[in-house]
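Here is a short report on a two-chain structure for someone meeting it for the first time. Have the sequence and the model open as you read.

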Amino acid sequence: MDFGTSFASIVLGGLSAGTVLFIVSVGLSVTMGLMGFVNLAHGAFAMFGGYVMVLAMNDAHVGFAASLLTGFVVTAALSVVLERLLYRRLYRSGELDQVLFTIGLIFIFMATITIAIGPESQPIMLPPALRGQLNLGFTQYRTYSVFLIVVGLAIVLGIWFVFERTRIGAQIRATVDNRNMAESLGINVDRLFTVTFAFGSGMAAIGGGLGAEFLGLDPQYALKYLVYFLIVVSVGGLGSIVGVYCAALTLGVLDFTLKLYLPKGGTIFIYALTILLLLWRPQGLFGRRET
Amino acid sequence: MSVAAASATAAAAVSTDHPAARVLIRRHRLRLWEALPWIAAIAFYFAFPDYLGFGAELLIAILFALSLDLALGYAGIITLGHAAFFGAGAYTVGLLASYGIWTEPITSLLLAALMAAVIGFASGLVLLRTRGLTLLMLTICTMALLGEAANMAHDYTGGFDGLPSLPIAPVFGVFEFNPLYANTQYLYALAVLFLCFVFVRTLVHSPFGQSLTGIRENLLRMHAVGSPVRRRLVICYTISAALAGIAGGLWAQANAYVNLSALDLDRAATVLIVLILGGYGRLYGAFVGAVAYMVLAHFLAEVYPTAWQLGLGVLLVLIALFARNGILGLGETLWRRLAARRAAS
């Protein structure tokens, strides 16, 4: 393989992995920015959504897109229940309680899935249209990876549009900036929280489903990739869509390259870079400094 | 007698007679029940000679949780990366012993403490500028960084498999570590824990320890009264790291091996759970939490690992929602209610 082709394949592979990271983490970034809630269980929602999707596809023989949608809806519904019943009580508590609570939730998710479905990794069958290679003109690459990159781009544009150009987006931005002020202007902050939380969890479910093909899907998922989701969110900056997108793509490409050239311990550079970046800008690349 | 002197004597009289002052003066005094854990630990030695290996593990868990209590419970530094220091201590002992450089256990522990303290100081110096999520992330990343470094240097550290069968010299040149009969390990860990506990107890009741509590409770006020907040936090973090390093070193010596599990997120989360379960910021929380967690984990996790995970998850959620001060806090609340009812009737 000549240099140009291998370079292109690294970039494309990294971008598609980064896209999945973005889809999972974007909800975490918005809810953390909005509610200041350290939700470590976000990855568990992604895992749950992935399982719903895989079960819908393999056992109920629902189509690819329809089962993704099912994953979104079921996970969002579950997250509304959890938010109303449990999360809500901890919005005003310290980070320690939130960390503890969400670690507990991760364990509950992991154990429940192990009991209900089993500890083994779940296989996922892509629809024929997404299998095989695609000729991009300058190189051949896996159709699914290209599909992921395109979907990710569509999602970032969609969320950006909602955030910047619609009424609810304006309400979210206002609440992130100043919760009390937003509340006194008559914005129903409680409902906004619930809606955003449900949407974020639903996005995580879609990410879990789309990424299941190469991240795998087993009960350890919620813990295995937790640090990556957190890195993306904290580097990108809380509540910043563009920041999360850039951070996720960078992390994806870096991780892909390092795994290829330094399979043992190459991720050390990712952690080192994250530390340096957070020391330079504690609020993340695109986050706004707290005043 | 001048007016100023009179008012000074009055102030002095107030300062020792005031109920608040009396509480403050009394609270560092030893109470009778404080001997209980140590009596129980010695009784355990004679009552369960077959479980001394588990006992040593338990004592090490207590020490590790105690070190976290200093940083998290007293100074309010929320960290998910405390295993970094545990691992640093464990690998210091492990590498020194494995390559035959130094096998004497007590000095090895001191070196482990030193190594962990250096890492704690260096990372604390930069990490403690931040707060909240950023601090949490930085502590996780520091730990992951060390873990990956240990993985990368697998030619020296054995990578994932670790360093097995470390040669550890006998304690004082007499008492040998026997992997089958862990009585040396148990008594040695107990002695180390006791010394570290006395140190931590003295520290938290000292003016330094009081100022840490102040920083946890009201950061702005401590800044305002001129307390050197950053310096205090860094010192506290360093001491806490050193203690965690001792715990890690002990762990390596008692098991005669080190592997990457000393440095991972699992261990960091477990110690946090242990401490919260017992109750943080209250010295004995580490003891209660470690006993409750380790006994449950030892007997339940082996038989029903999934049920244990589910139960632990539910327990964490319940603690976070209803019992923020852990088992000890719960006991205290019940005790107060009981006392109030008795006073009322």
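Helices are DSSP runs of H or I with at least four residues, strands are DSSP runs of E with at least two, and both are numbered from the N terminus. This is a predicted model: local features need pLDDT of at least 70, side-chain atom pairs count only at pLDDT 80 or more, and totals for chains, interfaces and linings use all residues. Residues are numbered from 1 along each chain as its sequence is written, while chains are lettered from A and ligands numbered from 1 in the order in which they are written.

**Chain A**

Chain A has twelve helices and two strands. Along the sequence, its pattern reads α-α-α-α-β-β-α-α-α-α-α-α-α-α. The C-alpha trace spans about 60 × 45 × 35 Å along its principal axes. The radius of gyration is taken over C-alpha atoms, and the globule rule is 2.2 Å times the number of residues to the power 0.38. For 291 residues a compact globule would have a value near 19 Å, and chain A agrees with 19 Å.

A residue is buried if 20 or more other C-beta atoms, placed from the backbone, lie within 10 Å of its own. In chain A, 52% of the 291 residues are buried. Two residues are in contact if their C-beta atoms, placed from the backbone, lie within 7 Å. Of the contacts in chain A with a separation of 6 or more, 75% join residues 24 or more positions apart.

**Where the chains meet**

The contact takes 36 residues from chain A and 35 residues from chain B. On the chain B side, H7(B) gives the most, with 15 residues. What is that side made of, by class? Nonpolar means Ala, Val, Leu, Ile, Met, Phe, Trp, Tyr, Cys and Pro; charged means Asp, Glu, Lys and Arg; the others, Gly among them, are polar.

| Class, side of chain B that touches chain A | Residues |
|---|---|
| Nonpolar | 24 residues |
| Polar | nine residues |
| Charged | two residues |

**Inside chain B**

Helix H14 of chain B covers residues 285-301. The expected span of a helix is 1.5 Å times one less than its number of residues.

Ala252(B) lies in helix H12 (residues 229-255) of chain B. Ala252(B) counts as buried because it has 33 C-beta neighbours inside 10 Å. Beyond four places in sequence, Ala252(B) touches Ala90(B), Val93(B), Gly94(B), Leu166(B) and Val258(B).

Conventions
A residue is buried if 20 or more other C-beta atoms lie within 10 Å of its own, exposed if 12 or fewer, and partly exposed in between; C-beta atoms are placed from the backbone.
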